[in-house]
Amino acid sequence: MTARDIAAALTKAGLVGVDKKLVNSVLTIEGKGRFSYDRNAYTYALSNPDALAAPAPTTHTDSAPALNRDAVLAACRKLFADGKPRTAKEVAAELTKQGMAGVDKSLVGSVLTREGKELITYDRTNYTYLPR
């Protein structure tokens, strides 16, 4: 299936806010090794269709709370209050230093691009985010 088809099926199943970009991100990062991508047909398939279930993620435990994207955005807003541009990696490192566990540059980039699109600008030449 294409990412667009997967997003449409997930939206039809009741998931809100799922789009092609999110599907591509999740299948590429979290689904690495579980899904294969055909660059000619732009489609995803299970790497091993005979597998019964996907293995549980190794970086999280069942008792660990899921990261709240709104909390990440709020922490980013406080961080950007000084007006200094930062890369996603720098933001993730600072939030981790402040005690926010489980934050990495891909999560920061995702949150700032989606939830923070009205508040934060991305400079493609310097790979930095800065407040509007």
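What volume does the second largest pocket have?

Before we start: this is a predicted model, where local features need pLDDT of at least 70, side-chain atom pairs count only at pLDDT 80 or more, and totals for chains, interfaces and linings use all residues. Residues are numbered from 1 along each chain as its sequence is written, and side-chain values use heavy atoms, with hydrogens and water left out.

**Exercise 1: the pocket**

Task: give the volume of the second largest pocket and describe its lining.

Solution. 
- Step 1. The volume comes to about 240 Å³. Here a pocket is an open set of points on a 1 Å grid over the protein atoms alone, where a 1.4 Å probe fits, with protein on both sides within 12 Å along at least five of seven lines; lining residues have an atom within 4 Å of a point. The volume is the space filled by probe spheres set on the points.
- Step 2. Lining residues include K21, L112, T113, Y122 and R132.
- Step 3. Helix 5 and strand 3 (120–123) each give two or more residues, and strand 3 has the largest share, with 3. Helices (H or I, at least four residues) and strands (E, at least two) are DSSP runs, numbered from the N terminus.
- Step 4. Sorted by class, the lining has 4 nonpolar, 2 polar and 4 charged residues.

**Exercise 2: the two sides of helix 4**

Task: find which residues of helix 4 are buried and where they sit around the axis.

Solution. 
- Step 1. In helix 4 (residues 88–97), pick out A88, V91, A92 and L95 as buried. Buried means under 20% relative accessible area, exposed over 50%, partly exposed in between (1.4 Å probe, protein chains only).
- Step 2. These residues cover an arc of only 100° around the axis, so they lie on the same side of helix 4.
- Step 3. Recall that an α-helix has 3.6 residues a turn, so residues three or four places apart point the same way.

**Exercise 3: an arginine in a loop**

Task: is R86 buried or exposed, and which side chain does it pair with?

Solution. 
- Step 1. R86 sits in the loop between helix 3 and helix 4.
- Step 2. R86 counts as buried because its relative accessibility is 10%.
- Step 3. Its side chain makes a polar contact of 2.7 Å with that of D82.

Terms used: Arc of directions from axis to C-beta. Polar contact = N/O pair within 3.5 Å; in protein donor to acceptor, adjacent residues only side chain to side chain. Nonpolar A, V, L, I, M, F, W, Y, C, P; charged D, E, K, R; others polar.
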